[in-house]
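Hello,

Here is the structure you asked for. My notes on it follow below.

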Amino acid sequence: MNRQFGAFTASELYCPKCKRAQPVREKLLLVLPSGDLHEFLCTGCGASLAKRTVSGPSGPVTKAAASASPRTGARRGRLLN
Ligand SMILES: [Zn+2]
C-alpha cells in the first residue's frame, strides 16, 4: 500500500467538492498529434481534477524501425551474394 511515482502520475488528488484527497481515475480524453490528453476524475463525485498530455514514443520508434528494415534487407542480400 505504498505507491510512489516520480513522474506526475497522481493516484490521489485533492477534490474541492469532496473537500478531501480522493483517488482519481485516469481517462483518455483526446488523441492529439502532439500526444494523448488524459483527464483525472474524482472517483467520489466524478469531478475533473487534473489534465495532462502524454506524448507517446510511437513517433521516433516508428521512424527508427522504418529506416532499420531496409538496411537489414541490404545486408541479407550481400551475405547471400
Ligand atoms: Zn470528488
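**Contacts and fold**

Of the contacts in the protein with a separation of 6 or more, 24% are between residues 24 or more positions apart. Please keep in mind that this is a predicted model. Buried residues make up 7% of the 81 residues in the protein. The protein has four strands and one helix, and along the sequence they come in the pattern β-β-β-β-α.

The strand pairing starts with β1 (residues 12-15), which runs antiparallel to β2 (residues 20-32) and is joined to β2 by four bridges. Within this pair, Leu 13 has Gln 22 in β2 as its bridge partner. Four residues lie between the two strands of this hairpin, and Lys 19 takes a positive phi near 60° there.

β2 also pairs with β3 (residues 35-42), again in the antiparallel sense, over eight bridges. Here Leu 30 is bridged to Leu 37 in β3. The hairpin that β2 and β3 form has two residues between the strands.

On confidence, the protein averages a pLDDT of 75, and 56% of the residues score at least 70.

Regards

Key. Residues are numbered from 1 along each chain as its sequence is written. This is a predicted model: local features need pLDDT of at least 70, side-chain atom pairs count only at pLDDT 80 or more; totals for chains, interfaces and linings use all residues. pLDDT is the predictor's confidence in each residue, from 0 to 100. Two strands pair if DSSP finds at least two bridges between them. A residue is buried if 20 or more other C-beta atoms lie within 10 Å of its own, exposed if 12 or fewer, and partly exposed in between; C-beta atoms are placed from the backbone. Two residues are in contact if their C-beta atoms, placed from the backbone, lie within 7 Å.
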